[in-house]
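Please report on the ligand shell, the domain arrangement and the strand pairing of this protein.

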Amino acid sequence: MDYKKWLEYKNLKYLDNRLYFGEVDVIELVGKYSTPLYILNEQRIRKQYRDLKRIIDSEYKKNDIHFSVKANSHLATLRILKSEGAGVDCTSVGEIYTSLQAGFPQDKIIYTGNMFTNNDFKYAVGKGIHVNLDSISQLKRLVKIHDELNKDKDMISFRINPEFGAGHHSHTITAGKNIKFGILDNQVIEAYTKAKEVGFKHFGTHMHIGSGVLDPEEYKKPFEKYLDILNNLADKLNISFEFIDFGGSIGIPYKPNQESFDLEGYKENLIRPFVELVEKGNIGNPTFKFEPGRYIVAESSIIITQINTIKDNGFKKFVGVNAGFNTLIRPAMYNSYHHIIPCQILDSNIKETYDITGPICESGDVLGKARNLPILQEEDYLAILDTGAYGFTMANVYNSRPRPPEVLINGKDSYLIREEETYEDLLKKQKLPIHLK
Ligand SMILES: Cc1ncc(COP(=O)(O)O)c(C=O)c1O
């Protein structure tokens, strides 16, 4: 994609050399708050959800999109998606609690945890929330908790690991024999046989191959395998499925030379083979479930950070900013690329190569390596792009640095949706034993 078009696609543009995100002048906004500042764009979240929903609807009407809360768990994000008709997928009790607080009814929430404790089960079953089991061994405990709480054993599903995974980094590939998630092909019949024996009456399946897949071709192998497993399961145990869940995984173009994900390819490699299988009449009339996180929210957010130090050590030029891997951990954790641009262009012709580094006391606190940028000055602002997914949810207080504020923009309006944390917040839960007081 041409660079200007790529920026436009990200809802970014320069007007009179000042950066706008959607309709908002970023420098003006930053004047009202402190930096680093997460800016979240409501209209972008809505657009991403609608684009995806339209594509799935065009092939198979009986579908539910469950937004993956781990990507962005702010109540505002959840309320926006709820108003669009989305459900949610949660990986923990904390995410379920947040989703309930956001107003999702229990039948719009699914719980895809792993290494569940009895308390996890108690919370979910008690609230009537469907759990995707991650291991055959968990079935016994789930049944016990149903009995203890006097709840009907109605629907059951297992997360199936199709042994072929994909993702932008090895840590985000979630299928394969040596990966902790789900049950393997050779365990599937046993799992559902046992589930039938203990009294479950309705069945679903789950799968999630990984996160950050930009090439739809990468879905082919895992999805073929998954559908084979389902066909076989339906045949052998005479099961028809209430739902089939395909997890999340769609990536976004973090780099200017990358194209956005081809939703048509997704249709071809995933939705159509699924529809063909359903049409054969062997697996029932299931709901198609999908759990995207990154695709819906990544491009909805940028971080604004201020330059405090420009250091030339004679070997390299460093731009020191006030956001670090406490604010955005993806570059340090996954070697991820986030495009970084100035909020104001003074002279766009002369460029310099900089490493953009945060204030964390570790040499790995680099947000961008060898970036070609216009000449920068101390106190200038930079925008770090595509931070809406796994951005704030992975932010932390390492080095005792409070987490930053978040602002939601909608058209020309802006709303503070999270206050900046304070030093007092850092110590709130700490207690001293009497002899140290
Ligand atoms: C079970 C499950 N579902 C959905 C997702 C969302 O993935 P993504 O953000 O790549 O769409 C994840 C994240 O890895 C996940 O673990």
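The report below takes the ligand shell, the domains and the strands in turn.

This is a predicted model, in which local features need pLDDT of at least 70 and side-chain atom pairs count only at pLDDT 80 or more, while totals for chains, interfaces and linings use all residues. Residues are numbered from 1 along each chain as its sequence is written.

Around the ligand there are 19 residues, of which Ser68, Ser211, Gly248, Gly293 and Arg294 come nearest; a residue is near a molecule if its C-beta atom, placed from the backbone, lies within 6 Å of it. By class, this shell has five nonpolar, 10 polar and four charged residues. Ala, Val, Leu, Ile, Met, Phe, Trp, Tyr, Cys and Pro count as nonpolar, Asp, Glu, Lys and Arg as charged, and the others, Gly among them, as polar.

The protein is assigned domain 1 (3–41 + 298–427) and domain 2 (112–292), with bounds from an automatic or database domain assignment. Their centres, taken over C-alpha atoms, are 36 Å apart. Domain 1 brings 12 residues to the contact and domain 2 brings nine residues, where contact means C-beta atoms, placed from the backbone, within 7 Å. On the domain 1 side, helix H1 (residues 3–9) gives the most, with three residues. That side has six nonpolar, four polar and two charged residues.

Helices (H or I, at least four residues) and strands (E, at least two) are DSSP runs numbered from the N terminus, and strands pair if DSSP finds at least two bridges between them.

| Partner of S18 | Sense | Bridges |
|---|---|---|
| S13 (residues 301–312) | antiparallel | four bridges |
| S15 (residues 340–342) | antiparallel | three bridges |

In S18, Leu382 stands opposite Thr305, and Ala383 stands opposite Ile341.

Notes:
Two residues are in contact if their C-beta atoms, placed from the backbone, lie within 7 Å.
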